[in-house]
Amino acid sequence: MNPLVPDFILEQDAEGQYAGAVDAAVLHVSLPAVVDLAEQMIARQAIDQDALRSLFDPLFEAVHQSGGFVAAFSPGGGFTALFPDRPGRNVTRHARSAALAMRRSLLELAARRALGAGGAQTPFRIGLAWGPVHWTIVRIAEDRAYFLLYGPAIEACQATDRGADDSELHLDRSFRERLPAAGARESAVELDDADLLSGPPSLTVATGPTDADAEAFLPPGAGDVAPEGEIREVTTVAVSLDRVASPTELIQQLHEIAAMYGATFAGMHATERGFGALFYFGAPVSHESDHDRALDFALELKSNGLGVQRLAVGITRARCLVGFFGAAGRREFACIGRAVHLAAQIARKAAPSSIWADERAFLAGEASHQWSTENIFRFDGFDLPILVYSLERRRIAVQEEFYDLGPIGREAELDRLTRALEPLFAGRSAGVVYILGEAGIGKSYLVHSYRHQRAQLMDMRPLLWIEARCDQTLKTPLYAFEFALKEYLGISSVIGQRAKQAGLDLALQLLLERLPEAWAEVRAGIDGSREALARLLRLRGEEPATAEAEAEAEAEAEAEAEASRREEALAALAALLVAESSLQPVVVHLDDAQWADPTSLAAVRAITAACRDLPLAVICSARLPAPGDDGDAVRIPLDDGIPSQVIELAALPKERLLALAEPFFGGPLPTMLESLLGQTAGGNPFFAQEILAYWLEDGRYGSTNEGARSSRFMPPRTVNSLLVARLDRLEPRTRQTVISAAVLGREFDTRVLARMIPDASALVDHLRFGEAQRIWSRMGEHRFEFCTVLIRDAAYGMQPKQAAERLHRLAAEALEAVYGDDLEDQRAALDSHRKLAG
């Protein structure tokens with residue numbers, strides 16, 4: 001006997017018989033104890049194959065003693081056995097004898113191990129049926145094959161998986177009619193030991209290596225799993241299908257689609273309502289993106305339809321036992337655990353053409369796919385109701401794909417910026433280049449496009465790029481250049497004072513080593529800048545003065561000291577950039593300059609003056625004043641002879657916006673969307689991409705009929721209100737994390753954020769979601785930043801004043817807890833949060 005594939009199947013395969021039918025008695029036993037044992041092992045992180053074998057051994061022996069064979073295992077932990085009809089032998093009596101022996105063995109085992117028997121609930125249920133059993137062998141290739149046993153008798157037995165376990169024998173009418181009259185009793189309690197037959201001798205069990213014929217029926221990679229089994233994180237996709245006349249084509253289709261997505265197709269099995277199939281992602285072969293593959297696979301199945309009237313999918317994600325399980329007489333590769341059983345249950349209950357999933361599968365896929373909450377349901381074998389989510393579609397990262405399309409509509413502006421910076425590569429100053437425009441018009445994207453273009457040049461010459469970001473909230477003196485210095489040094493706010501000092505010392509030492517000895521004046525400037533640069537990084541900061549000390553301080557002396565420190569800082573920054581631009585071209589990008597403090601603007605003047613004969617440029621991107629606002633666009637008074645240019649970004653023409661949107665549809669845009677992009681977006685590409693994202697996400701709410709959809713689709717009329725509407729669609733816990741992060745500012749420390757949200761364990765999933773949707777991006781191990789200040793501002797504005805004050809209070813407490821005695825670098829942020837906490 002081959003333990004991995006029934007001999008009946010191997011014999012038919014060897015003879016080239018790939019389909020047929022036999023009359024047989026069918027026995028199915030439901031064994032929740034198998035799943036319970038698996039969960040105990042997973043919790044202990046220790047696999048005990050002996051415990052499973054001790055459960056299966058006497059059951060399989062009873063089947064073999066009565067002349068049957070174990071056909072297949074079920075997701076709920078049970079198995080199905082067949083007793084083919086033989087001339088002159090009433091196999092129903094032998095099947096019943098096996099069932100009685102199994103019942104007695106299970107009751108004894110339950111009593112010994114307390115597997116759940118006792119009281120009104122017992123750990124198993126046995127069904128018996130009689131009728132035709134069809135078999136199909138599907139040869140995909142020489143080394144890959146599947147087999148399926150199905151038919152009315154198997155379907156009748158499978159119903160035992162869906163009732164309360166009562167330790168009784170449940171016989172269908174056809175089975176009872178074939179029993180001898182004296183034994184045709186329905187209830188096991190009416191039977192006695194006289195009904196236990198001493199059937200044929202136990203069949204020989206092969207324990208040697210699997211032969212080549214059997215290996216073709218095993219999933220690829222199954223042989224690489226540890227002999228004792230493994231515990232792995234697995235996404236299970238269970239599929240429930242209607243009956244079909246011939247399942248051969250269905251199996252071939254499932255194999256092909258599974259191969260496309262890297263799924264392990266565990267084969268089809270018969271259910272009481274048709275067919276079921278299991279697919280594993282993460283076992284025995286795993287990929288980095290297994291869960292996303294599983295969700296895309298499910299969507300592909302739904303789209304394909306497979307030619308059946310009813311197709312429903314259940315998805316779960318959890319740690320499972322992975323390996324060959326069973327006993328000496330029969331083993332099968334499987335993933336075992338409550339999640340596998342639940343996936344099959346969800347698929348059975350799911351509505352036609354729907355994809356339902358449990359919460360873990362939803363959370364793991366929230367970042368990459370669109371979901372809606374379905375309902376709370378009860379499932380067989382689970383004590384508590386379970387919240388189910390419906391998978392709708394893969395999320396389209398509109399913002400990211402907009403970037404990938406290139407500078408559509410900004411080719412002329414990109415050419416102007418390229419020409420404005422060309423003097424750098426001839427060793428000359430390019431002065432200040434202003435990039436002006438309304439919020440969302442594409443200023444940052446234009447700068448990004450230039451950097452990307454430079455990186456693609458085959459003859460690219462060295463270029464040092466320094467980001468100096470202004471902040472709407474933290475307008476402390478020289479904040480933009482404090483940010484720039486940290487970026488230049490590659491140090492983070494999350495490291496301690498000593499590490500920051502070491503980073504500064506090392507960077508200056510390396511810079512000095514690159515400078516020729518003959519450049520004595522430049523080298524002296526670097527040596528003289530150490531103290532001022534350290535103060536700018538708050539490494540030489542004094543203890544903050546108390547209120548009394550501040551009151552007693554002489555205002556004039558303090559102002560003089562502050563002015564002196566400012567001049568020293570400006571001189572130090574100028575010396576640093578003189579040294580760097582003496583070695584290669586340098587670009588300083590002053591981003592969101594409309595929020596720059598006066599000292600940062602003075603720094604630009606000092607730097608450009610010091611580097612007037614060196615290849616340095618300052619790109620100053622800033623918003624134009626909104627209509628009706630007082631004030632002019634940002635302008636920095638420069639020394640005579642320092643060049644400056646202005647590149648003002650106007651609204652994009654309608655046809656340019658439509659060109660950005662068309663790739664998402666692969667053809668003409670819906671009429672309503674075309675109108676919205678042309679009128680509502682007002683030529684603003686950021687507004688356009690958000691309208692497009694809103695439209696694509698909204699598909700789950702309405703009819704596919706364009707007229708019906710257009711009549712109710714109306715996005716908010718401003719960029720901010722549209723961003724708020726999109727954020728408001730997020731799952732509530734994710735939305736709260738985004739709002740809490742917004743309170744921390746454009747960039748934030750995840751360790752601080754973890755102390756501000758109710759469930760820190762969900763933060764990793766929320767961060768991954770935010771990255772996928774370009775809400776924020778990773779800057780370092782603990783640092784993230786919002787992709788645009790518009791998103792941050794929209795999230796911050798979603799909360800009422802009282803809630804904002806509470807979060808600022810939490811932020812201050814979290815900063816103190818995370819940074820402890822090393823708060824100097826966080827002093828400005830801490831003071832700001834305390835002030836805004838009320």
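The expected span of a helix is 1.5 Å times one less than its number of residues. Keep that rule for the first stop. This is a predicted model, in which local features need pLDDT of at least 70, side-chain atom pairs count only at pLDDT 80 or more, and totals for chains, interfaces and linings use all residues. Residues are numbered from 1 along each chain as its sequence is written, and side-chain values use heavy atoms, with hydrogens and water left out.

**Stop 1: helix α17**

Select residues 520–536, helix α17. Helices (H or I, at least four residues) and strands (E, at least two) are DSSP runs, numbered from the N terminus. At 1.5 Å a residue, the 17 residues of α17 should span 24 Å, and the end C-alpha atoms are 24 Å apart, which agrees.

Now pick R530. Here α17 bends by about 45°; the bend is the angle between axes fitted to the seven residues ending there and the seven starting there. Next, show the side chains. Buried residues of α17 include V522, R523, I526 and L533. Buried means under 20% relative accessible area, exposed over 50%, partly exposed in between (1.4 Å probe, protein chains only). Step past the helix to R538, where phi is positive, near 65°.

**Stop 2**

Go to the loop between α2 (32–44) and α3 (49–65) and select Q45. Its phi is near 55°, a positive value in a residue other than glycine.

Move to P284, in the loop between β9 (274–281) and α9 (290–304). The peptide bond from A283 to P284 is cis, with omega near -5°.

Then select L306, in the loop between α9 and β10 (311–327). L306 also has a positive phi, near 60°. Its relative accessible area is 5%, so L306 is buried.

**Stop 3**

Select β20, β21 and β22. They form an open sheet in the order β20-β22-β21, with antiparallel pairing. Two strands pair if DSSP finds at least two bridges between them. β20 (747–749) and β21 (776–778) stand at the edges with a single partner strand each, so one side of each has no neighbour in the sheet. The twist averages 30° from one strand to the next. Axes are lines fitted to C-alpha atoms, for helices over the stretch in contact (heavy atoms within 4.5 Å), and angles run from 0 to 180 degrees between N-to-C directions.

Zoom in on β20 and β22 (residues 783–786), joined by three bridges. E747 has E785 of β22 as its bridge partner.

α26 (residues 732–744) lies across β20, β21 and β22, at about 105° to β20. α28 (residues 763–772) also lies across these strands, at about 110° to β21.
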